[in-house]
Amino acid sequence: GNFVEISRDFLDFEAAMASPREPEGGDVKIREIGKGWNGLDSGSFYSIMVYIGHLPDVLRCMRTCKNWSKNGQKPRIWAEMCDRLGWPPLGRTWFLQKFRDIKLFSRPGVIENTFEVGQPVMKLYCPTQIQLYSWRYGRKTAVNRNLITVAQTSSPLQVWDVGTKWCRTQHCTETENEDEDAKTEAKRGTTIPWTAVAISDSKVLFAESKTCNIVARDLSRSKNYTLGRHASTVTCLEMNSAGTLAVSGGYDKAVRVWDLKQLTQKCKFDVGSRMWAVGVHPDAPRVAAGTDDAIYVMNTENGKILTKIFPPKNETIMTVKFDPAQPDSFLFAGGYDKELRLWNYITGQCVQVFKGHTGVVFDCLPMANVLISCSRDKTTRIYDRHTGECVQELKGHDMDVKCCTYLKPDRIVTGGFDLKFNIWSFPSRTENGEVIETEASRTAEEGCSIQ
């Protein structure tokens, strides 16, 4: 985790190595960790351990880690530190999880399939996988592991089975007869141009381009509910995974929070600038918004703004996502500065910077140990979120890459303005370069299609 200031004085690592001793008064200032493994090894970790009282073990760890850093073995440092200090389960669990993710996405990415659509792709969503026991194979199988929901610049939605390449259309307009079959509904359905859309397992939320209304469609009942409207064009819209809370923003310089249980507006925040990105906390009543020059974090219960962050380059924010590992303290943001930053929105400090893109960053997908981002430079990048290093760059689009998502267990989906979306896989290979069959590649043979 991250350690913030505890008191006034900070014990420098080099001085401590020259003459190791306990700090006077017992107060130690622990600076924030976030500058990579070297910062953790030299200063912050040493001060933390001195504060706890494990000075002899720490000195041995520091000498070992200093050599490891020179030899390029940074991912193993934390696990070995925990082993030296008597916390082997913590270090081993963390290292195995990190090593598995980094190893997977370090393999050369290949385009498994490319699907062409009629309009630019605005949003991609993978439904929650449903696990059922397969008597044929004697193990649990996800019956919908190949499903991708694609939102374009107007309705209807498209649900693709990437294993069988079968597509089903989900209209967002109501018919006169609710019992009408799917074929008749498809013929009668009309397209709705929208400016923003959000998708969950139970609902679809979209902003109509003409009226600026926020409309929620209940997928189980096939009914639309108008929640309210903005005074001007809506540019961003997000919803939590449970489908209970949503947030929207646009040209009217207002952040509106919607209660999807009561189907009403919960609260409103005036930020004084146009918004281009919003985010929803997965559990707590908090939302975030990115404007032309700042990042806002707001509490939806009391209607107060918790934090206002000004990025150093004063550029427009195009994506804001709460950190899934520690959403109560951290969020990711990026945009026209061509970078992504991990912010501690409680203290307002920048923890990590992810560089490499040469164009505007449109979207990002934070995961347990990696960060996936897509940009106007026609590429998708995968970062090690602990060190900020770019693990891999994926090139497969002819125009801007607008959105990305993760398709379990080992695939990535990217979509953009070139009227297509790509399925990326990361197969393991033999020494001769032959692809080893993975669990995902056997999915189509198991009959895991749309139910």
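Two aromatic rings of Phe, Tyr or Trp count as a pair here if their centres lie within 6.5 Å. With that in hand, start at the cluster made up of Phe-105, Tyr-406 and Phe-426. Keep in mind as you look around that this is a predicted model.

Let's zoom out for a moment. The protein has six helices and 30 strands, and 51% of its 451 residues count as buried. If you take the contacts with a separation of 6 or more, 47% of them come from residues 24 or more positions apart.

A search through the whole structure turns up eleven aromatic pairs. One of them joins Phe-115 and Phe-421: the ring centres are 5.1 Å apart. Is this pair stacked or tilted? The planes meet at 15 degrees, and the cut-off for stacking is under 30 degrees, so Phe-115 and Phe-421 are stacked. Now look at where the two residues sit. Phe-115 belongs to strand β1 (residues 110–116) and Phe-421 to strand β30 (residues 420–425), so the pair links distant parts of the chain, 306 residues apart. Both partners are tucked away: Phe-115 counts as buried at 4% relative accessibility, and Phe-421 is buried at 0%.

Another pair to look at is Phe-362 with Phe-417. Here the centres are 6.2 Å apart and the planes stand at 55 degrees, which makes the pair tilted. Phe-362 lies in strand β24 (residues 361–366), while Phe-417 is in the loop between β29 and β30, so parts that are 55 residues apart in sequence get tied together. As for cover, Phe-362 is buried at 9% relative accessible area, whereas Phe-417 is partly exposed at 28%.

How many of the six residues of β29 are buried? Six of the six are, and the cover reaches both faces of the strand. On one side you'll find Arg-411, Val-413 and Gly-415, on the other Ile-412, Thr-414 and Gly-416, all of them buried.

Next, see what β29 pairs with. Strands of a sheet pair through backbone hydrogen bonds, in either a parallel or an antiparallel way. Strand β28 (residues 401–407) runs antiparallel to β29, with six bridges between them, and Val-401 stands opposite Gly-416.

Follow β10 (residues 213–218) alongside β11 and you'll pass six bridges in the antiparallel sense, with Arg-217 standing opposite Asn-224.

One last stop involves a charge and a ring: Arg-274 lies over the face of Tyr-251, at 5.2 Å from the ring centre.

How values were computed. Residues numbered from 1 in each chain as written. Predicted model: local features only at pLDDT ≥ 70, side-chain atom pairs only at ≥ 80, totals over all residues. Heavy atoms only, no water. Helix = DSSP H or I, 4+ residues; strand = E, 2+ residues; numbered from the N terminus. Buried < 20%, exposed > 50% of the residue type's maximum accessible area, 1.4 Å probe, protein only. Contact = heavy atoms within 4.5 Å. Phe/Tyr/Trp six-rings, centres within 6.5 Å; stacked < 30°, edge-to-face > 60°. Lys NZ or Arg CZ within 6 Å of the ring centre and 35° of its normal. Pairing = 2+ DSSP bridges.
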